[in-house]
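Please look at the structure first.

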Amino acid sequence: MKTLRVEHHTLPKASIGSKKSLVSLHFGPENSNHKTYIQAGLHADEAPGYLVAHKLIELLRAADDKGEILEEIIVVPAANPIGLSQWDTDSIRGRYDRSDQVNFNRHHEDLTTEIAERIEGKLTQNSNENVQLIRNCSREILAARVPQTEADYLKNCLIKLSHDADIVLDLHCDHQALLHIYVGTPLWPACSDLAAQLGVGVNLLAEDSGDVPFDEANSKIWWELADKFPEFPIPPACLAATVELRGVLDTDREQTEQDAANLFLFLQRRGFIAGDAGAMPELIGEATPLEGVHYIKADAAGIITFLITPGTWVEKGDILAEIIDPIEDSLTGPEHTDRTYVTSGTTGMFFARSVDRFARPGKIIAKVAGKEPLVGKGEKLLTS
C-alpha cells in the first residue's frame, strides 16, 4: 500500500493579492516510532538542494510503491517560498528576508528555557520517556505560537514539521566548496555514517554556533536540557545537520543524483527504508571545530585570482589568492613588487571560496578549516 501523503501549508498574506504556500511530502507510517525530516532551499537562492531533494523524492516514491518505507520520512523540496519570490535583475536573492534583512537560516525557535520550565519535576530515569515528554512539550509550545509575520509563520511551520524527528537534514550549498556539514559536537561521531556515505570533505562541529540556525533549533535543546537536568537521562535525540552540497554551480545531474542516492542509502542503513545499503564508504573528512575555521577576508579592492582550489591542504601563511587592482597595478608597471596576496591564517583544509571575483576590504573570500580553535572567534561562529 502506498503511504505518500502531500500536505499544503498556506502562509498568511504579506501583501495585497499575494499568497504563498509550502508543500511537504510524507512517506511511511504516520504514527511510526521514528521520523526523518529533510528540507531544501531555506536559502532560496541555493540551487543544488532542490535537485537532490527532487531526486530523493523519486527514489522514495519508488520504494513506497514496493512497500519499503518502514518509518516516517518527510521531505520539503522547497522550504522558502518567500525567498523564491525575491527576484532582482534576473536573479533570485533568497538568503535574507527583504522585509527586515534577517537571514532565513537564523533566529529559529530556541525552546530550551520554556521546555525546561515545563518538564521540571516530570523527568524519570527512563530516557525514552524523557524524550517523549520533551517532544510533547515542544509540540504544545509551537502550537500555541501566534506568528506575526510571513517569515515567522514560515519558520514556525518548518519547526513544527521537524521538532520531533530523529534525523533532520537541512540542504544548503556554499559559493564554491567541498561537500561539508555543520553538526553539533555531541552528535559526533554518531553521525559519521552520514558523512561517510555522502563523501563529506569537512565536518564542522559546534555545540552552539550562534543565532539559532535551523539545524540547531532541532538539536541543541537536547544537550542543553541534559546540562540543566544532569541527574536524568536525556540523550541527544535528534541528529540534525546542515549539509552544504558543494557550490552554487554544482547542479550537474550525475552529481545531484549520486547525492540523493547517498541520502537514500543513509536512511536505508538507519532502518527507515527496507533493503541492504551495502558496505559503508570510508570516512574521508575529519571532524574539526567550527571555532577553527578561518574566514579569510580581503584587505584590498580589486579582482581576485585564486592560486589554489578547494580541497587543498594549506599551512598557515600559504598564499591562496592574489587581488589585482587593474588601475593601480597597471600604472606601476610589471616590475613593482608590492603585490596584494591573500594568505591563510591557520593550517588546515581550504574548503570554500567566493564565487564572486570582486574584492573589497573586509569581504570574506575564502574559508580554511583548522584543527585548533582560533582566538577571538566570539559567540557567532557562522557567516552572515
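In the lining of the second largest pocket, helix H4 is the element that gives the most, with five residues. The model is predicted, so to speak of local features a pLDDT of at least 70 is needed, side-chain atom pairs count only at pLDDT 80 or more, and totals for chains, interfaces and linings use all residues. Residues are numbered from 1 along each chain as its sequence is written, and side-chain values use heavy atoms, with hydrogens and water left out.

**Second largest pocket**

- The volume of the second largest pocket is about 460 Å³.
- Its lining has 21 residues, and Glu30, Lys35, Glu72, Arg139 and Asp164 are the closest to the centre.
- Two or more lining residues come from each of strand S1 (5-10), strand S4 (72-76), helix H4 (127-144) and helix H5 (150-162). Helices (H or I, at least four residues) and strands (E, at least two) are DSSP runs, numbered from the N terminus.
- Sorted by class, the lining of the second largest pocket has 10 charged, seven polar and four nonpolar residues. Here Ala, Val, Leu, Ile, Met, Phe, Trp, Tyr, Cys and Pro count as nonpolar, Asp, Glu, Lys and Arg as charged, and the others, Gly among them, as polar.
- A pocket is an open set of points on a 1 Å grid over the protein atoms alone, with protein on both sides within 12 Å along at least five of seven lines; a cavity is a set where a 1.4 Å probe fits but cannot get out, and lining residues have an atom within 4 Å of a point.
- Grid points are joined across faces, edges and corners, and a volume is the space filled by probe spheres set on the points.

**Largest pocket**

- The largest pocket has a volume of about 1000 Å³.
- Of its 43 lining residues, Glu46, Arg95, Tyr96, His175 and Thr383 are the closest to the centre.
- Strand S22 (364-370) is among the elements that supply at least two residues of this lining, and S22 gives the most, four residues.
- The lining of the largest pocket divides into 18 nonpolar, 13 polar and 12 charged residues.

**Cavity**

- The count is one cavity of 30 Å³ or more.
- The largest cavity holds about 30 Å³ of space.
- Its lining is made of Leu111, Ser138, Ile159, His163, Ala217, Asn218 and Ile221.
- Helix H7 (residues 214-228) provides the largest share of this lining, three residues.
- The lining of the largest cavity has four nonpolar and three polar residues, and no charged ones.

**Helix packing**

- H5 and H7 pack at about 45 degrees, with their axes 10 Å apart. Axes are lines fitted to C-alpha atoms, for helices over the stretch in contact, and angles run from 0 to 180 degrees between N-to-C directions.
- H5 and H7 are therefore oblique to each other. Angles under 35 degrees count as roughly parallel, over 145 as roughly antiparallel, 65 to 115 as roughly perpendicular and the rest as oblique.
- Leu158, Ile159 and Ser162 of H5 make the contact (heavy atoms within 4.5 Å) with Phe214, Ala217 and Asn218 of H7.
- Helix H3 (residues 112-119) packs against H4 at an angle of about 120 degrees, with the axes 10 Å apart. This makes H3 oblique to H4.
- Residues Glu114, Ile115, Arg118 and Ile119 in H3 meet Leu133, Ile134, Cys137, Ser138, Glu140 and Ile141 in H4.
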